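Biologist: Before I plan around this structure, could you take me through how its chains meet and how their strands are arranged?

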Protein chains: 2
Amino acid sequence: MTVKIGLVGTGTVGGGCLDIIAAHKEDFKRHYGIDLEVVRVCSRNPEQAVAHGVREIFTDDFHEILDDPSIQIVIELIGGTTFAKEVVMGALAAGKNVVTANKALMATSGDEILDLAEKMHREVAFEAAVGGGIPIIDPLKHSLFANQITSVLGIVNGTTNYMLTRMAETGATYDDALLEAQDKGFAEADPTADVDGLDAAAKIAILASIAFNSRVTLDQVPAEGIRLIAPVDFQVARDMGYVIKLLAVGNSLPEGVDVRVHPTMVPVDHPLAGVNGVFNAIYVVGDAVGETMFLGEGAGSGPAASAVMGDVLEVARHVQADIAPWASRATYDDLPLVPMDELSMSYYIRFVVEDRSGVLASTAEVFARHGVSISSMVQRGRGEGASADLVYITHTALERDIQQALSEIEELEGVLVDNSEPTVIRILS
Amino acid sequence: MTVKIGLVGTGTVGGGCLDIIAAHKEDFKRHYGIDLEVVRVCSRNPEQAVAHGVREIFTDDFHEILDDPSIQIVIELIGGTTFAKEVVMGALAAGKNVVTANKALMATSGDEILDLAEKMHREVAFEAAVGGGIPIIDPLKHSLFANQITSVLGIVNGTTNYMLTRMAETGATYDDALLEAQDKGFAEADPTADVDGLDAAAKIAILASIAFNSRVTLDQVPAEGIRLIAPVDFQVARDMGYVIKLLAVGNSLPEGVDVRVHPTMVPVDHPLAGVNGVFNAIYVVGDAVGETMFLGEGAGSGPAASAVMGDVLEVARHVQADIAPWASRATYDDLPLVPMDELSMSYYIRFVVEDRSGVLASTAEVFARHGVSISSMVQRGRGEGASADLVYITHTALERDIQQALSEIEELEGVLVDNSEPTVIRILS
């Protein structure tokens with residue numbers, strides 16, 4: 001039995017899927033008995049479709065896919081949360097299965113989508129939404145499902161990992177690293193979603209939902225990006241035995257679920273410390289399995305298409321065998337989210353200060369008054385006028401106390417010169 | 001519907017499974033709707049069973065499990081290939097599904113077992129046979145199945161990885177490292193299967209079969225172990241920018257499948273180079289996904305039980321939903337094996353020689369005569385009498401030529417003093 005597919009979106013990933021099907025269609029039939037046929041391809045960009053050999057089956061109206069009763073699987077690869085949502089919800093409503101790489105959509109409307117899928121007895125698969133080609137959603141849902149997962153830590157944004165890697169290797173500034181990443185096609189002209197941690201936040205919302213059997217949405221994830229990281233931070237990190245990574249953090253705590261995205265000091269001997277360049281990795285701790293890590297290329301045509309087509313084959317197999325979908329969402333616990341304010345950890349905090357007596361004492365006094373105990377402090381001249389980098393490393397402290405101390409310190413004279421902001425890097429223990 | 005389970009073997013892994021079920025039985029029901037009940041436990045060791053709360057359901061005769069028509073899944077955890085095979089084949093013949101962690105059995109009789117499973121329309125799952133708790137068989141069979149896999153490289157034996165890590169870190173000899181590993185419970189009294197690479201060979205036979213859609217058995221895997229590795233090899237490796245790992249190698253070549261196990265020089269910037277101690281990792285290259293790596297704890301009660309119970313839950317889900325098993329074996333290609341003799345790579349070769357003139361010239365002459373081109377050579381005195389370590393690094397050479405050169409060199413006077421054997425470490429490019 002042939003499984004009929006409609007594809008919406010012929011950009012990098014969509015093109016990669018068409019290429020995989022062209023190259024391996026016969027392998028899929030011979031090895032797995034899965035016979036795929038792409039019967040309709042929708043794109044705003046006919047040239048892109050033609051470049052992948054799409055001609056008669058081209059359409060510029062996705063309704064032609066939703067309205068085609070022969071289509072059993074719709075692949076949504078247009079991104080965003082408006083048309084993409086129409087495609088996904090429309091496909092499910094029309095009784096089709098859906099495969100998508102859309103992290104933003106799944107992190108904002110995942111609940112609604114999975115509800116409709118359950119109601120319609122159809123599947124929604126979205127392995128490509130997190131970590132490009134890295135198998136992580138499927139292992140969490142299957143191989144590891146005898147575990148109570150306690151932590152999911154991810155380097156899940158290739159753009160920022162490339163930038164941080166270059167800054168660490170070459171001493172480049174944030175601006176130089178961004179230009180280089182844009183030059184190489186690893187960063188977009190508007191890099192906001194990547195450098196401010198929003199892309200990573202969508203991904204940890206999805207991962208945390210699956211790993212902890214609860215429901216986390218994008219708007220619930222506090223996210224800080226990497227704009228304030230400077231070369232001096234890498235020097236101090238190295239001296240301390242750490243590397244700086246933008247980490248998407250999910251922890252299952254007795255009080256509830258802790259999710260967040262921020263630059264993080266990762267000990268050099270942690271498995272995530274060696275994940276460099278555009279590689280992504282997701283580190284998972286379970287009560288039985290202990291520590292595991294899944295590494296791979298987080299972006300690009302091939303890796304993302306590998307994940308999409310893995311899902312397509314799996315769903316096609318279920319369609320062929322007439323297997324009722326296993327509830328895409330299992331029964332979720334409704335765990336509370338732990339506000340970041342209530343978390344305790346160690347901090348790396350750097351201020352750009354006037355290089356004169358009194359500044360150190362005044363900042364130290366504020367930390368002391370808020371009960372923040374300092375583990376070490378280093379001051380380095382910046383070689384530009386009379387300013388210096390003043391770095392504090394704290395013992396374990398409450399996030400709320402840190403934030404209160406920071407807002408008081410911001411008011412002090414001689415601290416945070418030139419309207420600079422403090423650089424805060426949380427330390428992974 | 002309750003899924004009834006019979007467990008055979010209550011050692012480390014079996015005990016871990018019983019612990020997971022005790023701890024998470026209600027979670028499995030609530031989250032996934034999977035209701036497991038262990039109805040019979042077989043062991044040679046009643047005390048072990050009692051220690052995990054097994055009393056009324058204990059038996060010392062596995063036939064009681066095979067003959068119980070209510071049991072739908074048999075977990076085989078006794079190891080070995082005699083009774084274990086009886087249990088597995090007997091269970092399938094009785095119409096039961098099987099979950100096993102038995103690498104030796106799957107690597108020797110996998111074909112026969114999967115044939116019977118197919119005939120009986122039952123499942124055999126064996127995630128725990130490779131890499132302890134690391135999800136690797138399931139990702140290869142599912143998430144990555146749109147890829148043509150070109151390479152699978154594994155650090156799949158925790159004992160030897162622990163030993164090699166300690167030798168690299170502390171300069172310990174092989175004998176010291178083995179004693180330490182035995183002391184810590186990471187090596188058995190008879191370490192042969194681990195240190196001679198046989199355990200790794202069974203695992204790469206299983207991985208290569210799945211990754212390359214062909215059939216590889218244990219006896220087809222050439223295996224060399226780590227007995228001949230000495231502290232000096234780590235010093236030279238470090239100077240060259242390599243680390244030494246026991247690698248299980250699988251490559252899909254145009255001529256066929258290349259599988260082997262041997263000590264390997266791994267470049268320090270390769271993802272596998274940082275996998276230390278008892279950790280295992282499997283590095284997979286696919287035509288779409290590019291490079292991926294799966295890392296985790298390769299042994300121990302928790303990790304292996306995590307993998308076994310992941311399989312049990314998956315099979316139980318299929319039993320509950322009355323899902324016919326997807327052919328555990330897809331249609332395999334019957335790819336030829338590439339004899340190791342025909343492979344080309346670079347080599348690190350160390351001889352213990354008499355420290356006198358003429359030895360270097362005579363060995364170099366033999367390599368030259370066999371067309372083996374030398375990239376670099378280093379001789380180091382051993383500080384014990386008049387012997388020295390003579391190390392050759394070759395350019396790419398044919399394995400056959402290397403072996404012929406080695407057997408001639410073994411006949412030379414003054415080379416391989418004290419009946420020593422040459423240390424051969426293949427270099428990963």
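Modeller: A salt bridge is taken here as a side-chain nitrogen of Lys or Arg within 4 Å of a carboxyl oxygen of Asp or Glu. Please keep in mind throughout that this is a predicted model.

Biologist: How far apart are the closest N and O atoms of Lys29(B) and Glu26(B)?

Modeller: Lys29(B) and Glu26(B) lie three residues apart in helix α1 (residues 12-32) of chain B, so they are separated by about one helical turn. A salt bridge needs a nitrogen within 4 Å of a carboxyl oxygen. Lys29(B) does form such a bridge with Glu26(B), and the distance between their closest N and O atoms is 3.7 Å.

Biologist: How many salt bridges does the rule find across the interface of chain A and chain B?

Modeller: Over all chains, the rule gives a count of 52 salt bridges. One that links the two chains joins Arg30(A) to Asp333(B), whose closest N and O atoms are 2.9 Å apart. Across the interface of chain A and chain B, the number found is two.

Biologist: Which helices and strands of chain A each supply at least two residues of the side that touches chain B?

Modeller: The contact involves 45 residues of chain A and 45 residues of chain B, and between the chains there are 14 residue pairs in polar contact, both residues being at pLDDT 80 or more. On the side of chain A that touches chain B, the elements that each supply at least two residues are α1 (12-32), α6 (137-141), β11 (290-297) and α12 (301-321).

Biologist: By class, what residues make up the side of chain A that touches chain B, and what share of the buried area comes from carbon and sulfur atoms?

Modeller: The side of chain A that touches chain B has 21 nonpolar, 15 polar and nine charged residues. As for area, about 4200 Å² is buried between chain A and chain B, and the share given by carbon and sulfur atoms is 57%.

Biologist: In β11(B), which residue is the bridge partner of Thr292(A)?

Modeller: β11(A) pairs with strand β11 (residues 290-297) of chain B in the antiparallel sense, over five bridges. Within this pairing between the chains, the partner of Thr292(A) in β11(B) is Gly296(B).

Biologist: Why is one side of each edge strand in the sheet of chain B left without a neighbour?

Modeller: In chain B, six strands form an open sheet with parallel pairing, in the order β3-β2-β1-β4-β5-β6. One side of each edge strand has no neighbour in the sheet because each has a single partner strand, the edge strands of chain B being β3 (58-59) and β6 (124-125).

Biologist: Which residue of β4(B) is the bridge partner of Ile5(B)?

Modeller: Strand β1 (residues 2-8) of chain B runs parallel to strand β4 (residues 73-76) of chain B, and four bridges pair them. The partner of Ile5(B) in β4(B) is Ile73(B).

Terms used:
Residues numbered from 1 in each chain as written. Chains lettered and ligands numbered in written order. Predicted model: local features only at pLDDT ≥ 70, side-chain atom pairs only at ≥ 80, totals over all residues. Heavy atoms only, no water. Contact = heavy atoms within 4.5 Å. Buried area = accessible area lost by both parts, 1.4 Å probe. Polar contact = N/O pair within 3.5 Å; in protein donor to acceptor, adjacent residues only side chain to side chain. Nonpolar A, V, L, I, M, F, W, Y, C, P; charged D, E, K, R; others polar. Pairing = 2+ DSSP bridges.
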